[in-house]
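Please look over the structure shown here before reading the briefing that accompanies it.

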Amino acid sequence: MTIGFILNGEDVVVRTEAGVRLIDILRGNFGLLGSKTSCLEGQCGACTVIFNGQVSPACLLPAFKIRGSEIITIEGFSQTIEYHEIMDGFRLANLGNCGYCMPGKILCTSALLDRTLSPSKKEILIGFSGIKCRCTNVENLLEAVNIISGIRHKRLYGRSS
Ligand code: FES
Ligand code: FES
């Protein structure tokens, strides 16, 4: 089948089978390797993308569901100011990591701060519940989100919070 959708702001068309996973289309057809394959069961978050405005595991999205949708991968998101703010916050908080689930953590941070600019600890933990990261210390993650929230506040309102 032929499927059209918007990928990182561009209209694209792909020929594939209805049940092929979005993660395999992104990596195999478009060479977008930022999102990873791991559990393939929607459990780990390594394959996270933004699908119609929501963070979603690309391993659970079959091709037939993506027709007409809008998808943003970490490659597309890396062109935004929000991406650079998040990376600054991760660096400042020494968010130790191997990088494997980094795209998922970055996209979840952005989605969380889009929902609420000053998230509580509970909201942060819920926002990251779809990412099973083996190497991030929770305290560092909370610190990173608070730093990024302050950076975004300052850009939007001219003050940290
Ligand atoms: S590979 Fe998709 S959630 Fe683990
Ligand atoms: S950064 Fe290593 S698994 Fe998340």
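Predicted model: local features only at pLDDT ≥ 70, side-chain atom pairs only at ≥ 80, totals over all residues.

Residues are numbered from 1 along each chain as its sequence is written, and chains are lettered from A and ligands numbered from 1 in the order in which they are written. Helices (H or I, at least four residues) and strands (E, at least two) are DSSP runs, numbered from the N terminus.

**Helix 5**

- Helix 5 covers residues 102-115, and its 14 residues should span 20 Å at 1.5 Å a residue, which agrees with end C-alpha atoms that are 20 Å apart; the expected span is 1.5 Å times one less than the number of residues.
- Because 11 of its 14 residues are buried, helix 5 is largely enclosed by the rest of the structure; a residue is buried if 20 or more other C-beta atoms lie within 10 Å of its own, exposed if 12 or fewer, and partly exposed in between, with C-beta atoms placed from the backbone.
- The buried residues of helix 5 include Met102, Pro103, Ile106, Leu107 and Leu113, and what covers the buried residues includes strand 3 (48-51), strand 4 (54-57), helix 4 (81-92) and helix 7 (138-157).

**Helix 7**

- Among the buried residues of helix 7 are Leu141, Val145 and Ile148, and the cover over its buried residues includes helix 4, helix 5 and helix 6.
- Gly158, which follows helix 7, has a positive phi, near 75°.

**Packing of helix 4**

- The axes of helix 4 and helix 5 come within 10 Å and cross at roughly 110°, where axes are lines fitted to C-alpha atoms, for helices over the stretch in contact, and angles run from 0 to 180 degrees between N-to-C directions.
- That makes helix 4 roughly perpendicular to helix 5; angles under 35 degrees count as roughly parallel, over 145 as roughly antiparallel, 65 to 115 as roughly perpendicular and the rest as oblique.
- Glu82, Tyr83 and Ile86 of helix 4 make this contact with Ile106, Thr109 and Ser110 of helix 5, two residues being in contact if their C-beta atoms, placed from the backbone, lie within 7 Å.
- Helix 4 also packs with helix 7, at an angle of about 140° and with the axes 8 Å apart, and the two helices are therefore oblique to each other.

**Individual residues**

- Asn52, in the loop between strand 3 and strand 4, has a positive phi near 50° although it is not glycine, and with 13 C-beta neighbours inside 10 Å it counts as partly exposed.
- Asn94, in the loop between helix 4 and helix 5, has a phi near 50°, again positive in a residue other than glycine, and with 11 C-beta neighbours inside 10 Å it counts as exposed.
- Ile23 is found in helix 1 (residues 22-30) and is buried, with 24 other C-beta atoms within 10 Å.
- Not counting residues up to four places away in sequence, Ile23 touches Ser35, Thr37, Cys47, Ala58 and Cys59.
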